[in-house]
Amino acid sequence: MINFLKLLRFELDRFFKLYIVLIVVTIVSQLAGLVIISKLYMRRAREEIVVNQNSMESFLETYGQFSLANLTHSLWFVGPIALCIVSLLIYVFFIWYRDWFGKNTFIYRLLMLPTERLNVYLAKAMTIFTMVLGLVSLQIVLIYLEMNLVRLLVPRDFRLDLPIQEVIHSFDYFNILIPNSFLGFLISYGTGLMALFVLFTAILIERSYRLKGVFIGGLYVTASFLVFISPLLLSEIFLPRFFYPTEMILLEVFAGLIVMAGAIWLGHYLLNKKIRV
């Protein structure tokens with residue numbers, strides 16, 4: 001366990017500078033965007049009411065009340081989230097290939113450490129997972145901060161104070177990133193962790209068999225996906241309306257655990273038997 005934690009800290013430290021950049025970009029973009037969008041809204045309100053002599057009711061009927069949804073539908077909000085997602089997706093591959101193609105082929109030194117090679121595999125996976133949870137936690141804190149900032153920037157008559165649940169629902173992908181229930185959290189992030197292990201193992205297949213490994217890795221990812229959705233295929237094609245929704249969830253969880261366990265076992269096997277140092 002101590003060796004695993006040391007490896008985890010080591011991997012987190014390697015990504016720390018870029019991680020800080022993602023955090024700063026997210027904070028600055030969303031807060032600046034909220035200030036700019038709210039100022040533009042209030043300027044339009046002054047023009048309509050003071051300059052054009054329209055009533056406040058007429059303005060609100062035309063433009064609606066300002067809410068945090070105005071921000072969540074803008075590039076100021078969506079842009080940094082997309083940047084974080086793309087950066088982490090790229091890092092899923094970079095976290096391995098950097099060690100192979102970087103200076104002095106660091107992967108050889110890493111795999112020769114006096115610890116189980118599986119710890120290297122798990123530490124890299126937990127690094128990605130920890131960074132995802134960190135960015136999601138940051139976004140929740142930002143939402144609370146932005147809700148209070150809206151109250152300072154927009155007068156009460158012109159704004160609509162939404163509960164955080166509605167703010168989350170106003171951005172489509174938040175239902176995946178920030179589920180409404182603990183079960184939803186387990187399903188969303190369990191599926192994400194399973195997919196991460198599958199990609200890691202596919203990378204190790206490619207590293208073990210090189211050019212041939214690209215094809216084998218692709219087949220492995222496809223097979224893992226088919227195993228994961230096999231309960232859905234069974235229900236839709238062979239046994240329509242046979243399973244209750246709760247039973248389908250349990251079958252999907254079981255299929256996901258099989259895929260995850262298979263990915264970890266195969267990754268462990270490849271690190272110990274196929275990848276040489």
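The model is predicted, and the protein in it has eleven helices and zero strands. Its radius of gyration is 24 Å, whereas a compact globule of 277 residues would have a value near 19 Å.

**Overall fold and dimensions**

- Followed along the sequence, the elements give the pattern α-α-α-α-α-α-α-α-α-α-α, in keeping with a count of eleven helices and zero strands.
- Taken along the principal axes, the box filled by the C-alpha atoms of the protein is roughly 80 × 55 × 35 Å.
- Among contacts between residues at least 6 apart in sequence, 78% join residues that are at least 24 apart.

**Surface, burial and charge**

- Of the 277 residues of the protein, 41% count as buried.
- The accessible surface of the protein comes to about 16,000 Å², and carbon and sulfur atoms account for 70% of that surface.

**Helix 11**

- Helix 11 covers residues 245-274, and its 30 residues should span 44 Å at 1.5 Å a residue; the end C-alpha atoms are 42 Å apart, which agrees with that expectation.
- The buried residues of helix 11 are Met 248, Glu 252, Ala 255, Gly 256, Val 259, Met 260, Ala 263, Gly 267, Leu 270 and Leu 271.
- An α-helix has 3.6 residues a turn, so residues three or four places apart point the same way.
- The cover over the buried residues of helix 11 includes helix 5 (106-111) and helix 6 (117-153), and it also includes helix 9 (182-228) and helix 10 (230-238).

**Residues of helix 1**

- Ser 38 lies in helix 1, which runs over residues 2-51, and Ser 38 counts as buried because its relative accessibility is 1%, where buried means under 20%.
- When neighbours within four places in sequence are left aside, Ser 38 is in contact with Phe 66, Leu 153 and Val 154.
- Arg 46 also has its place in helix 1, and with a relative accessible area of 48% Arg 46 is partly exposed.
- Between Arg 46 and Asp 161 there are 21 Å in space, C-alpha to C-alpha, while in sequence the two are 115 residues apart.
- Glu 47 is likewise found in helix 1, and at 41% relative accessibility Glu 47 counts as partly exposed.
- The C-alpha atoms of Glu 47 and Val 198 are separated by 56 Å, and these two residues are 151 residues apart along the chain.

- Ser 58 has its place in helix 2, which is made of residues 56-63, and Ser 58 is partly exposed, with a relative accessible area of 32%.
- Ser 58 and Leu 145 are 87 residues apart along the chain, and their C-alpha atoms are separated by 30 Å.
- Arg 210 lies in helix 9, and Arg 210 has a positive phi of about 55 degrees although it is not a glycine.
- The relative accessible area of Arg 210 is 42%, and Arg 210 is therefore partly exposed.

Note on methods:
Residues numbered from 1 in each chain as written. Predicted model: local features only at pLDDT ≥ 70, side-chain atom pairs only at ≥ 80, totals over all residues. Heavy atoms only, no water. Helix = DSSP H or I, 4+ residues; strand = E, 2+ residues; numbered from the N terminus. Rg over C-alpha atoms; globule rule 2.2 N^0.38 Å. Buried < 20%, exposed > 50% of the residue type's maximum accessible area, 1.4 Å probe, protein only. Contact = heavy atoms within 4.5 Å. Areas by Shrake-Rupley, 256 points an atom, 1.4 Å probe, with all protein chains shown as cover. Expected span 1.5 Å × (residues − 1).
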